[in-house]
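Trainee: Please take me through this model, and let me ask what stands behind each label that you use.

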Amino acid sequence: MKQKLTQLKEEFANEAAQIKGPEKLEALENKYLSRKSGLLTNIMKGIKEVAKEEVAEIGALANETKNYITSGLEELRASLGGGAASFDFTVPGKKPPVGHLHLATIAIREIESILEPLGFVRARHPDVEWDYYAFETLNMPGDHPARDDWETFFIDEAPIKMNLPEDSLKLVKEGRRLLTPHTSSIQVREMEKGVLPIRMMNISKCYRRQIDVSHVPMFHQFEGLVIDKDINITHLKGTIDYFVKKFFGEDRTIRLRPHHFQFTEPSFEVDISCGLCHGTGKLEDGSACRMCKEGWLELAGAGMVHPNVLKAGGIDPNVYSGFAFGWGVERCFSMKSGLNIDDLRLMYKNDLRFNEQF
Ligand code: PHE
């Protein structure tokens, strides 16, 4: 049998060398390897007669012969090319993997679609912003300590002087540039356009020097700004209420806490009941909720536009009033019912196992 097997290898090698086109390959494969009537099977039928102590050796040789033929066939197939004959049109195609939008983009689109029917028009501002718009015109002049709350990334170490024409804004000429730490930087830019009333939304990137379970250094906020005659707190409250019910669902509740911002008066902090611990502050296993403090999550601020901000934008605070709110997009997304994301940093880790869940 040993001899027969060795001979089979030789025969196969000779015959394979004669093959010129891929159409003969299948017949060659059948001739040698067909389970029912292939030459290898036929030889192996004789195994019954082999002495016991030789069976293992013969078995190994048979395996080796089979591998030799199989890889010979593979090589031939590769060198001769598949050709039309071997292309099976009936095999289902392979679907290329299809991804989806980033979670922040999904949230931004949803936020936009909720605010748009209320008349908010999307506006944009530069990511690299002047100190003037981020702080100065928002009632935080010079070295006002409130600026420290924003953990800002500055681009310029010291104020820079630019040789702009005399009628350009003095403070822009002598300011510092920074990565905008909040979407509120757009407020006075919008007012300067000189078109009233204003009903705008700004949904864009913000940058702050913070990183932990509920902060990432590059994140998104969405800001709403309404300026018109006779705007009061009920308009602010009604708008926030409407948004929260649409975005989070009817079961989430809000509360307004008095707060302080330099650019709104009065100011509020809007809280929403936590979606991870359902407002209890404790997880199912009794441990303290990692996401919130005592069941409430802070969504960020809101308030009535401060008269000094209106003045900075060239608007008479005796005639016009307005409200503004500015919330974190990632934060809002993570608080959505049923999502239970307990670490915001996951949204930017590019881990497909996380992203594919949405
Ligand atoms: N800009 C504020 C922040 O980043 C939020 C805010 C926006 C507060 C508008 C009041 C009005 O925290």
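Mentor: A residue is called buried under 20% relative accessible area, exposed over 50% and partly exposed in between, with a 1.4 Å probe and protein chains only. This is a predicted model, in which local features need pLDDT of at least 70 and side-chain atom pairs count only at pLDDT 80 or more, while totals for chains, interfaces and linings use all residues. Residues are numbered from 1 along each chain as its sequence is written, and side-chain values use heavy atoms, with hydrogens and water left out.

Trainee: Why does phenylalanine 323 count as buried?

Mentor: Its relative accessibility is 2%, so phenylalanine 323 falls under the limit of 20% and counts as buried. Phenylalanine 323 belongs to strand S11, where helices (H or I, at least four residues) and strands (E, at least two) are DSSP runs numbered from the N terminus.

Trainee: How are asparagine 139 and glutamate 151 classed, buried or partly exposed?

Mentor: Asparagine 139 has 17% relative accessibility and so counts as buried, whereas glutamate 151, with a relative accessible area of 32%, is partly exposed. Asparagine 139 lies in the loop between helix H6 (131–134) and strand S3 (160–161), and glutamate 151 is found in the loop between H6 and S3 as well. Although neither is a glycine, asparagine 139 has a positive phi of about 70 degrees and glutamate 151 one of about 45 degrees.

Trainee: What makes H2 and H4 roughly antiparallel or roughly parallel?

Mentor: Helix H2 (residues 25–33) packs with helix H4 (residues 52–80) at an angle of about 180 degrees, their axes being 11 Å apart. That angle makes H2 roughly antiparallel to H4, because angles over 145 degrees carry that label, those under 35 being roughly parallel, 65 to 115 roughly perpendicular and the rest oblique. Among the residues that meet are Leu25, Leu28 and Tyr32 in H2 and Ile69, Leu73 and Leu76 in H4.

Trainee: Which residues have the most contacts inside the largest nonpolar core?

Mentor: They are Ile111, Leu115, Phe222, Phe243, Phe248, Phe325 and Trp327, in a core of 43 residues. It is called a nonpolar core because it is a set of buried Ala, Val, Leu, Ile, Met, Phe, Trp, Tyr and Cys residues joined through side-chain atoms within 4.5 Å. The elements that each supply at least two residues of this core include helix H5 (103–115), strand S7 (218–228), helix H9 (233–248) and strand S11 (321–328). A second, separate core of 26 residues includes Trp150, Ile198, Phe261 and Phe263.

Trainee: What does tryptophan 327 touch?

Mentor: Not counting residues up to four places away in sequence, its partners include Phe222, Ile240, Phe243, Val244, Leu299 and Cys332.

Notes
Axes fitted to C-alpha atoms, helices over the stretch in contact; angles between N-to-C directions. Contact = heavy atoms within 4.5 Å.
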